[in-house]
Amino acid sequence: MDNLVNMPVAAGSKAVHDQYGLPVVFERQKMIKGEYDLGKLFRIEFKDKASIPDRGFLENVTFTKNIYLGLNKLFQSFYRIKKRLDENPDGSIEEIIASDYVNINFIGEPGTGKSFALKVICAVLGIPLRIEAFSGESGTDKFLGVSSIAHGEIQFHWTAVPRTHRDGGVIALEEINQMKTDRQMALSQAVVPPFILEVDNYMDTYRHPFSVYVNLFNIGTEGSKPFNEAYLNRFSTTFVFRKDDRDTIISKLHQRMGYPASTPKESDSCAFTPRMLTDTDFEVSVDILENVKNYLNGDMVARNDEAKTISERQSVNMLVEIQNGISPKDAAVLTFVNTLACIDLELAAEVQEEVIDIFPWEYRYKSE
Ligand SMILES: Nc1ncnc2c1ncn2[C@@H]1O[C@H](COP(=O)(O)OP(=O)(O)OP(=O)(O)O)[C@@H](O)[C@H]1O
Ligand SMILES: [Mg+2]
């Protein structure tokens, strides 16, 4: 592990990093070799190893910014959760998970690589991946498990969602926005505190500390449905997948055909240096919250419903992202802007331009 992570040089600063996250450089060859396996690195073990995607296909992956951001998000959150778990094994699940629950959205048009990115992340980190697909007909049994009759007896099945909630891993909720919006709320107490899923309608089941909920869905396409905004509010980091530029497409085609990849060098590795939050970070996260809300409530756009979707949860998550080693502006995009992108792509683009881009980032951070 020593050569994977850039341990801070100065004596004493190690503790500071340790508490907030671990500096890490994700390198292509090392990912292919499995050096970022969380069992190996942090002694995080999962029950159902058969659900961990085989690393074989990583040779043919173009590592995109979203993949790196997603990798780092899971890496840093799980690192901090594991640390709390070791320090306080009898702590409640709320104390252990704290603000590090990973509830994320992968959104974008069909074929932009959402499902693929998730598989890559699970393969690199060695995390089981389970998938549940939704439609307009889906009932809450998709979350709570199903019963069937076998040999005259009722048998209960721990389907993908309850199993992941109990045993850990990543659960991909494919097209969950197709589900009727009121039914989405059946998951609302499970993904955030108190983290309880009422499996089979009676078994209160606590969220596993190393579990990840991911909504994957299309937006801006016909058939894309509005979300239950209270549900959406519980998923505070959103990765928007866009159609690739021509060079990336060509490099992906090379890799898919098994030809020497012409991947741009800069996409072969990515470094993250977590840091301690400063007073400025806290102030800026609240300023961004106020500015976004004011913009949405203002006469110019008057989108009060969307304004309600934005809350302190986004501020918290923006701070978590900054702590993970992301620039404050990128952190604001991943949380505030992209949450709105789940509802309306154009509105999100406007907020980015009119609120985030014009915010005096440099001025606010220059004294540090
Ligand atoms: N980063 C990548 N490197 C190499 N190939 C990729 C990458 N991302 C996507 N692909 C290729 O593109 C295909 C389509 O991607 P994927 O199935 O993940 O799209 P999606 O966004 O989940 O689409 P849908 O909304 O239809 O489910 C993948 O099967 C894979 O072959
Ligand atoms: Mg998909």
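**Close-up views of the predicted model**

**View 1. The shell around ligand 1.** Helices α6 (114-125) and α12 (246-256) each supply at least two residues of the shell around ligand 1. Helices here are DSSP runs (H or I, at least four residues) and strands are DSSP runs too (E, at least two), numbered from the N terminus. The largest share of this shell, 3 residues, comes from α6. Of the 15 residues around ligand 1, the ones that come nearest are Pro-110, Gly-113, Lys-114, Ser-115 and Phe-116; a residue is near a molecule or strand if its C-beta atom, placed from the backbone, lies within 6 Å of it.

Residues are numbered from 1 along each chain as its sequence is written, and chains are lettered from A and ligands numbered from 1 in the order in which they are written.

**View 2. Helix α4 against helix α6.** The axes of α4 and α6 come within 10 Å and cross at roughly 45 degrees; axes are lines fitted to C-alpha atoms, for helices over the stretch in contact, and angles run from 0 to 180 degrees between N-to-C directions. That angle makes α4 oblique to α6 (under 35 degrees counts as roughly parallel, over 145 as roughly antiparallel, 65 to 115 as roughly perpendicular and the rest as oblique). The crossing is right-handed, a term used if the near helix is turned clockwise from the far one by less than a right angle, with anticlockwise being left-handed. Asn-66, Ile-67, Gly-70, Leu-71, Leu-74 and Phe-75 of α4 meet Ala-117, Val-120, Ile-121, Val-124 and Leu-125 of α6, where contact requires C-beta atoms, placed from the backbone, within 7 Å. These residues divide into 9 nonpolar, 2 polar and no charged.

View 3. The domain assignment gives domain 1 (13-273) and domain 2 (277-368), with bounds from an automatic or database assignment. Their C-alpha centres lie 23 Å apart, and 22 residues of domain 1 are in contact with 20 residues of domain 2.

**View 4. Helix α17 and two partners.** The axes of α13 (residues 279-297) and α17 (residues 345-356) come within 10 Å and cross at roughly 120 degrees, so these two helices are oblique to each other. Their contact is made by Asn-291, Val-292 and Tyr-295 of α13 with Val-351, Glu-354 and Val-355 of α17. The axes of α16 (residues 328-341) and α17 come within 8 Å and cross at roughly 145 degrees. Val-351 of α17 also takes part in this contact, whose residues divide into 10 nonpolar, 2 polar and 1 charged.

**View 5. Two loop details.** A cis peptide bond joins Pro-193 and Pro-194, with omega about 5 degrees. Pro-194 sits in the loop between α10 (188-191) and β7 (196-199).

Definitions and conventions. This is a predicted model: local features need pLDDT of at least 70, side-chain atom pairs count only at pLDDT 80 or more; totals for chains, interfaces and linings use all residues. Two residues are in contact if their C-beta atoms, placed from the backbone, lie within 7 Å. Ala, Val, Leu, Ile, Met, Phe, Trp, Tyr, Cys and Pro count as nonpolar, Asp, Glu, Lys and Arg as charged, and the others, Gly among them, as polar.
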